[in-house]
Amino acid sequence: MSDRRRFLGSLGAAALLPIAAEAAVDRLARDPTSISRALILSGGGARGAYEAGIVTGLARSGGIADGQILAPYGLVCGTSIGALNAWFVATGQYGALTRAWRTIGAANIIQLKSKYVTLEHPHAFIGVRIRAALRLASGLAKSDMGIAQSEPVLAWMKQHVDPSVPLLMPMVWAVTNLTTQSSEYFYRLPPSFSGVMPPKLAQAIQLTLGEGAVVRPAPDEILHEALLATSSTPIIFDPVTLKMTNGEDGLYVDGGIASNSSIAIARTIARSIDVVLVDPRSRDVKYANAVDIVMGSYETMQRKILESEMRDVYFESLAESAAKHLDPKVLGEFDRGSPELTTFYRDLPPTKLAYVRPKAPLPAGFASFDEQAKIDATFARGEVDIERGFTPYTWKGFRL
């Protein structure tokens, strides 16, 4: 058995230990790689309620109770609000996930800094107030790094994310290191996980993410700050200061800048990836001011990165599948002539991609955390949409 298969086997075994369903354990015993499927929860602010609805629907249809793994997944990846949702999935806290979203409207987690509160529309919904503050805030051109307070968000995370709760499956989330201008990934593992990352898997991560890719654990003492970092949208929130791998302080912000849907890193482990998106297909958007243009540009960037990652996995997987049918002699010549490509195809097997996304814009907007009615409607939309299942990704069938 290869290093990668052994790693996947230990990964799947660790993830399945808490399951009461004997069928899942039997399946794992027959095929150690049968649980190499990843769930990806994208960033999107309050639209994360849609993902929570998706997860709730998956648990309900699968007869999965609290404390049981969200089979058939053995890995969950998230970015920004998707990372918070991923925590509940990884720890099997589906009831807590629902309660968190059912009450978030009254939590007042997004609060403007005092100097921006009275600028305009002090009693409007937070989304309106954020836009007003951005239009009128001169401090952003001086010394301020954000218009909203990070403390309420961090307090909410500490209330709902208990580091002592054991994981049932590994979770990974993306952050952006502004100091080095690069993306990084944090991860948490189940306590029963005993596998050691083999050299071939480390090489696969470098092939997918780049030679200088940083993938590191998030121990208890930095868990909340690392989750806050992935959620810290530039201009709205201050960057989060975390120790970098070299021991120096670095500034970290929203993981969605470089990886709003963590497809690339999930591919190094999973042979099948299901992606939850919170945006419908692109539409004509009207812009009223510079703030709208900045936010629209941010979303356009995220969409193009998503398209690029999905296309890369799709066509690379097609090539890898085709290579298996080559005449051994031809394949041998290919190996000798292109050693780097040979390494790539050897360490990264074909991966199937599928996705679910809303067909129309969701009731909740990015900053609708204080609009409980819209959040509830968005949650319900996810519960309904997952009934149709995930759509297999094809190059011609997917549109931004």
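Student: What percentage of the contacts in the chain with a separation of 6 or more comes from residues 24 or more positions apart?

Tutor: This is a predicted model, in which local features need pLDDT of at least 70 and side-chain atom pairs count only at pLDDT 80 or more, while totals for chains, interfaces and linings use all residues. Residues are numbered from 1 along each chain as its sequence is written, and side-chain values use heavy atoms, with hydrogens and water left out. A contact means heavy atoms within 4.5 Å. Among contacts with a separation of 6 or more, the share from residues 24 or more positions apart is 78%.

Student: What percentage of the 400 residues counts as buried?

Tutor: Buried means under 20% relative accessible area, exposed over 50%, and partly exposed in between, with a 1.4 Å probe and protein chains only. Of the 400 residues in the chain, the buried share is 51%.

Student: How many helices and how many strands are there in the chain?

Tutor: Both are DSSP runs numbered from the N terminus: helices are H or I with at least four residues, and strands are E with at least two. By that count, the chain has 16 helices and 12 strands.

Student: Which element supplies the largest share of the lining of the largest cavity?

Tutor: A cavity is a set of points, on a 1 Å grid over the protein atoms alone, where a 1.4 Å probe fits but cannot get out; lining residues have an atom within 4 Å of a point. The largest cavity holds about 210 Å³ of space, a volume being the space filled by probe spheres set on the points, with grid points joined across faces, edges and corners. Of its 18 lining residues, I81, I109, V153, S231 and F369 are the closest to the centre. At least two lining residues come from each of α4 (81–90), α8 (151–160) and β7 (235–237), and the largest share, three residues, comes from α8.

Student: How many charged residues are in the lining of the second largest cavity?

Tutor: Ala, Val, Leu, Ile, Met, Phe, Trp, Tyr, Cys and Pro count as nonpolar, Asp, Glu, Lys and Arg as charged, and the others, Gly among them, as polar. The lining of the largest cavity has 14 nonpolar, four polar and no charged residues. The second largest cavity, of about 140 Å³, is lined by 14 residues, with N260, L277, D279, R303 and L306 nearest its centre. That lining has five nonpolar and five polar residues, and its charged residues number four.

Student: At what angle do the axes of α5 and α16 cross?

Tutor: In α5, T98, W101, R102 and T103 meet Q372, I375, D376, F379 and E383 of α16. The residues of this contact divide into three nonpolar, three polar and three charged. Axes are lines fitted to C-alpha atoms, for helices over the stretch in contact, and angles run from 0 to 180 degrees between N-to-C directions. The axes of α5 (residues 94–103) and α16 (residues 372–385) come within 8 Å, and the crossing angle is roughly 145°.

Student: What is the omega of the cis peptide bond that joins A71 and P72?

Tutor: P72 sits in the loop between α3 (48–61) and β2 (75–79). The cis bond from A71 to P72 has an omega of about 10°.

Student: What is the relative accessible area of I235?

Tutor: I235 belongs to strand β7. Its phi is near 75°, a positive value in a residue other than glycine. I235 is partly exposed, with a relative accessible area of 39%.

Notes
1 Å grid on protein atoms, 1.4 Å probe; cavity = no way out; pocket = protein on both sides within 12 Å on 5 of 7 lines; lining within 4 Å.
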